[in-house]
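Please look over the structure below.

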Amino acid sequence: MTTIINIDSLTKQYGDKMVLNGISFAIQRGEIFALIGTNGAGKTTTIECMEGLRKYNGTIETHGKIGVQLQTASLPPNIKVIEAIKLITKWHSTTIDMALVQRLNVDLILNKKYKELSTGQKRRLHLVMAMIGDPDILFLDEPTAGLDVEGRVALHAEIKELKKRGKTVVMSSHDMAEVEELCDRLAILKNGDIGFIGTVYELTKKNQDKYRVHIKLANPLEMVDLVSCSYIGEQQGYQIFETNKLEDGLYELTTLLREQNNSMQDLKIEHTSLEQSFMHIAKGVKV
Amino acid sequence: MSAFLYGIGLQWKLDFRSKGILLTYYIIPLIFFLFMGGIFTSIDPNAYKTLIQSMTVFGVTMGAIIGTPTSLVEFYNSDIRKAYRVGGVPLWTGAVNNFISGLIHLSIMSIILFFIAQIVFDASVPSNLFRYFVTLELFIITSLSVGVILGLFVKSTSKLTMVSQLVFLPSVMLSGIMFPIDMLPNFMQMIGKVFPATWGYLNLSANQWEMMSMFPFMLTILIALLLCTWRLGRLHTTE
């Protein structure tokens with residue numbers, strides 16, 4: 001694999017506020033890379049620096065033609081979808097890829113004016129525009145925000161297809177399921193620094209030996225100090241405990257319930273998810 | 001070149017789909033012309049001699065100073081600018097396309113007015129039509145240059161409403177199209193000379209070209225070119 005984007009000591013400041021504190025990382029050709037983080041962590045700023053839309057300090061090297069779908073983009077309200085696509089196509093000296101237009105379900109709205117489009121339709125149009133000219137690197141800033149299920153499925157299929165064709169996709173997202181499904185690697189931004197960079201597996205592996213035990217109880221639990229598990233909190237009527245010794249944790253919990261003449265109405269056990277690992281790194285909290 | 005021409009054609013179509021542009025480029029100037037034409041010709045028997053010139057100056061000034069900048073402010077101060085930029089569409093095309101489209105629209109409006117004035121008010125036709133239309137195009141270009149400056153430098157449509165009126169109202173009141181310029185106090189005559197409308201009316205009503213009165217057109221166009229190039233360069237640099 002060869003490096004297609006190399007970022008070294010990227011710093012960005014808005015007024016007095018430091019948004020990126022000298023971050024460095026590299027993205028390989030052909031990978032789907034996600035930037036995730038809480039709101040204000042610096043995802044969009046990082047992406048816009050890579051796209052060349054913002055001034056920055058540090059070095060960003062990109063090797064290849066780029067296509068960009070912005071998080072917030074607009075077009076003249078009276079422009080028709082077909083006219084917008086034609087305009088971009090002409091400036092790229094290419095022809096309209098009708099197969100692409102159809103795959104993203106934009107063919108049905110070609111004669112609609114921009115002001116008549118729903119949020120999802122606008123995002124699909126901007127995605128088509130980003131892919132005009134067959135870019136080597138595609139930047140997608142929260143690509144599925146505002147998309148319906150059909151649009152989401154079509155977009156995910158398109159991203160997978162791009163990967164098959166050796167394209168590089170850099171995306172930001174708040175949707176952990178999407179990141180888990182699509183991305184080869186991810187970086188978690190935390191207060192302008194990189195809190196984690198690696199694969200989804202590497203991120204969840206850190207917590208892989210941990211289990212979440214969700215118990216629905218007949219009566220309120222009188223909490224005592226626990227040895228083999230820790231209490232996380234309550235969610236939708238379930239008391240949640242975390243343990244890395246499942247057998248010991250369950251034994252301790254059931255013993256406690258018997259002592260308190262309490263009973264279990266439901267029980268769920270799960271591994272720590274990507275979302276929980278993300279929250280642990282991005283916010284430093286257990287979820 | 002094909003992309004550039006497509007952009008101009010597209011802008012032309014977008015202008016026709018915009019109620020605001022249609023109002024300022026065609027509807028209000030032509031309604032104002034019919035209304036004021038009736039008043040002028042009934043209170044001043046000689047008004048028909050300069051009716052085409054005065055109403056054309058009004059219509060062009062309105063379209064260029066109130067119509068053109070609005071779509072430019074909407075383009076350059078919104079996410080449209082970002083979308084065009086990442087789509088590979090050069091930012092200068094926004095200003096240039098609007099300028100060329102405005103030039104065509106205002107020329108058409110002026111021609112409609114030219115013919116209606118003769119039919120409805122029996123207005124006098126300028127003696128040298130070639131000279132008249134060349135001067136008219138120069139006046140439209142000058143007025144649009146001022147409009148483009150406003151569109152590139154004013155950052156919101158609410159501010160633009162005020163700034164446009166600061167240019168439009170004195171243009172109309174001090175240019176001589178409403179009443180003879182020599183009825184105004186000297187300092188107001190001097191202020192009037194700052195606006196293209198004054199020179200537009202003077203040149204369109206004159207029987208021959210005078211370099212001294214054409215010079216303000218050239219100067220305004222040159223200043224606009226320099227200012228707009230600088231501003232577009234600033235807009236292109238990253239934030």
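How much area do chain B and chain A bury between them? The two chains bury about 2,400 Å², 65% of it on carbon and sulfur atoms. Buried area here is the accessible area (1.4 Å probe) that two parts lose on being put together, summed over both. This is a predicted model: local features need pLDDT of at least 70, side-chain atom pairs count only at pLDDT 80 or more, and totals for chains, interfaces and linings use all residues. Residues are numbered from 1 along each chain as its sequence is written, chains are lettered from A in the order written, and side-chain values use heavy atoms, without hydrogens and water.

**Interface**
- In chain B, B:Tyr6, B:Arg17 and B:Val86 lose the most area to chain A, together 24% of what that side buries.
- Contact (heavy atoms within 4.5 Å) links 24 residues of chain B with 25 residues of chain A.

**Chain A**
- Chain A holds 9 helices and 13 strands. These are DSSP runs numbered from the N terminus: helices are H or I with at least four residues, strands E with at least two.
- Domain 1 covers 3-204 and domain 2 covers 209-271; the bounds come from an automatic or database domain assignment.
- The C-alpha centres of these two domains of chain A lie 42 Å apart.
- Along its principal axes, the C-alpha trace of chain A spans about 75 × 45 × 40 Å.
- Of the 287 residues in chain A, 49% are buried. Buried means under 20% relative accessible area (1.4 Å probe, protein chains only).
- Among chain A contacts between residues at least 6 apart in sequence, 68% join residues at least 24 apart.

**Helix H2 of chain B**
- Helix H2 of chain B runs over residues 19-43. At 1.5 Å a residue, its 25 residues should span 36 Å, and the end C-alpha atoms are 33 Å apart, which agrees. The expected span is 1.5 Å times one less than the number of residues.
- H2(B) bends by about 35 degrees at B:Ile27, and B:Pro29 follows within four residues. The bend is the angle between axes fitted to the seven residues ending there and the seven starting there.
- Buried residues of H2(B) include B:Thr24, B:Pro29 and B:Phe33.
- The buried residues of H2(B) pack against helices H1 (2-17), H3 (51-76) and H5 (92-121) of chain B.

**B:Met62**
- B:Met62 sits in helix H3 of chain B. B:Met62 is buried, with a relative accessible area of 9%.
- Leaving aside neighbours within four places in sequence, B:Met62 contacts B:Thr24, B:Ile28, B:Pro29, B:Gly67 and B:Phe168.

Key
Buried means under 20% relative accessible area, exposed over 50%, partly exposed in between (1.4 Å probe, protein chains only).
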